[in-house]
Amino acid sequence: MNPYSTLPDRAFWKKAVSEKSIFDISNLWSPKFKITKDSRVVTFGSCFAQHIGNALDSRGFNWVSTETPPKGLSQENAKKYNYNIFSARTGNIYTTSLLKQWVEWATGIKEPPEEIWEKDGRFYDPFRPVVEPEGFCSKEELMLSREETIKAFRECIVSSDFFVFTLGLTESWFNAEYGYEYPMCPGTSAGTYLKGIHAFKNQMYPSVMNDLRDAIEIMRHENPELRFILTVSPVPLVATNSRNNVIVATMESKSVLRAVAGQISRGCNYVDYFPSYEIINSPVFKGVFFEPNQRSVNPHGVDFVMNHFFSSLRTKFGAEIFGKQNKRVGSVKKINDLVCEEEIFDAFGGKE
């Protein structure tokens with residue numbers, strides 16, 4: 001007898017991988033939490049948070065949106081103006097420091113900056129530069145919209161059961177004078193890049209870890225029952241400002257994020273990790289889930305990941321968690337056919 005003698009098949013490469021078709025590989029996740037159709041789930045972060053929210057809603061789970069489209073707005077325009085993509089209209093939150101920034105604004109620890117970008121008589125929010133594609137008509141409209149999103153984000157914290165966050169990047173852009181962070185480099189989607197004022201930072205493991213831990217603990221202070229599911233976006237960087245080859249930069253960035261997510265989930269009984277990154281990127285799956293550009297995840301990949309999410313819940317907790325089909329509890333129909341390519345973000349623009 002030795003410690004390996006009683007381990008299940010999933011612990012051995014031959015039984016878990018070599019002897020199976022790649023489409024029969026299973027048991028990649030043993031969920032910590034029982035998520036039922038009545039559980040209030042919010043999603044934020046990078047690309048895959050969109051797909052998780054969409055999958056929850058389409059299967060009748062209680063995916064929550066606290067910032068819904070104006071009455072009468074078509075689905076096409078709701079998608080165009082970034083409603084019901086995340087649980088509030090924050091746009092992509094790529095880094096753990098950006099998540100902490102939103103949490104601090106939502107809980108009143110810090111006041112959001114008053115910075116506004118202007119171009120051709122239209123006004124753009126530096127912290128949500130693409131949510132209003134043609135910009136706002138006035139500074140007042142922009143500030144009111146930002147305030148609504150901060151309130152909606154706070155509502156997600158205080159009223160939800162599960163907070164799903166997808167980590168996307170370590171590369172980031174800051175205001176060098178005041179220290180606050182932009183979701184993308186000024187001068188890409190909006191604004192003007194100013195050397196000496198806008199600073200690039202490729203974040204290291206300690207700061208990524210500390211910011212994520214801080215954000216979680218602040219949210220838990222507001223809602224002691226809130227639990228978290230972390231994922232890492234499998235989408236590679238479209239470009240890098242690290243001076244490395246984009247392949248090397250992607251692997252470094254994702255490795256840091258994966259290590260942070262694993263460390264926190266192992267150390268906290270209220271944090272879990274779901275392996276969407278591994279399912280798409282592991283050599284075991286031979287790259288079959290990527291489009292020909294080797295970057296965008298194809299619909300089969302998205303379906304495979306989300307089917308694994310729900311089958312793991314069923315295996316662990318039984319079919320009863322699914323309840324009656326098509327039941328919605330406080331849910332908002334999510335915009336379908338989202339594509340990761342819409343969140344294109346380069347090193348100059350901070351995006352994946």
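## An exposed lysine and the basis of the model

Lysine 119 counts as exposed because its relative accessibility is 54%, where exposed means over 50% relative accessible area, buried means under 20%, and partly exposed lies in between (1.4 Å probe, protein chains only). Lysine 119 belongs to strand E2, residues 117–119. Its C-alpha atom is 40 Å from that of methionine 306, a residue 187 positions away along the chain.

This is a predicted model, in which local features need pLDDT of at least 70 and side-chain atom pairs count only at pLDDT 80 or more, while totals for chains, interfaces and linings use all residues. Residues are numbered from 1 along each chain as its sequence is written, and side-chain values use heavy atoms, with hydrogens and water left out.

## Overall build

The protein chain has nine helices and nine strands; these are DSSP runs, numbered from the N terminus, with helices (H or I) of at least four residues and strands (E) of at least two. The radius of gyration is 20 Å, close to the 20 Å that the globule rule gives for 352 residues, so the chain is as compact as a globular protein of that length. That radius is taken over C-alpha atoms, and the rule is 2.2 Å times the number of residues to the power 0.38. Along the principal axes, the C-alpha atoms fill a box of roughly 70 × 50 × 40 Å.

Of the 352 residues, 55% count as buried. Among contacts (heavy atoms within 4.5 Å) with a separation of 6 or more, 73% join residues 24 or more positions apart.

## Surface and charge

The protein chain exposes about 16,000 Å², and carbon and sulfur atoms supply 52% of this area. The area comes from the Shrake-Rupley method with a 1.4 Å probe; for residues, only the protein chains shown count as cover.

There are 41 positive and 42 negative side chains, and the centres of the two sets lie 7 Å apart. Lys and Arg count as positive and Asp and Glu as negative, without His and the chain ends; each charge is placed at NZ of Lys, CZ of Arg, CG of Asp or CD of Glu.

## The nonpolar cores

A nonpolar core is a set of buried Ala, Val, Leu, Ile, Met, Phe, Trp, Tyr and Cys residues joined through side-chain atoms within 4.5 Å. The largest one has 49 residues, of which Phe44, Leu99, Phe153 and Phe163 touch the most other members. Elements giving two or more residues to this core include strand E1 (41–45), helix H4 (96–106), helix H5 (139–159) and helix H6 (205–222). H6 gives the largest share, seven residues.

A second, separate core of 37 residues includes Ile25, Ile35, Phe290 and Phe304.

In H4, eleven of eleven residues are buried, including Leu99, Lys100, Trp102, Glu104 and Trp105. The buried residues of H4 pack against H5, E4, strand E5 (171–175), strand E6 (181–182) and H6. Just after H4, glycine 108 has a positive phi of about 80°.

Two residues other than glycine also have positive phi. Asparagine 82, with phi near 65°, lies in the loop between helix H3 (75–80) and H4, and is buried because its relative accessible area is 19%. Glutamine 294, with phi of about 65°, sits in the loop between helix H8 (276–281) and helix H9 (299–317).
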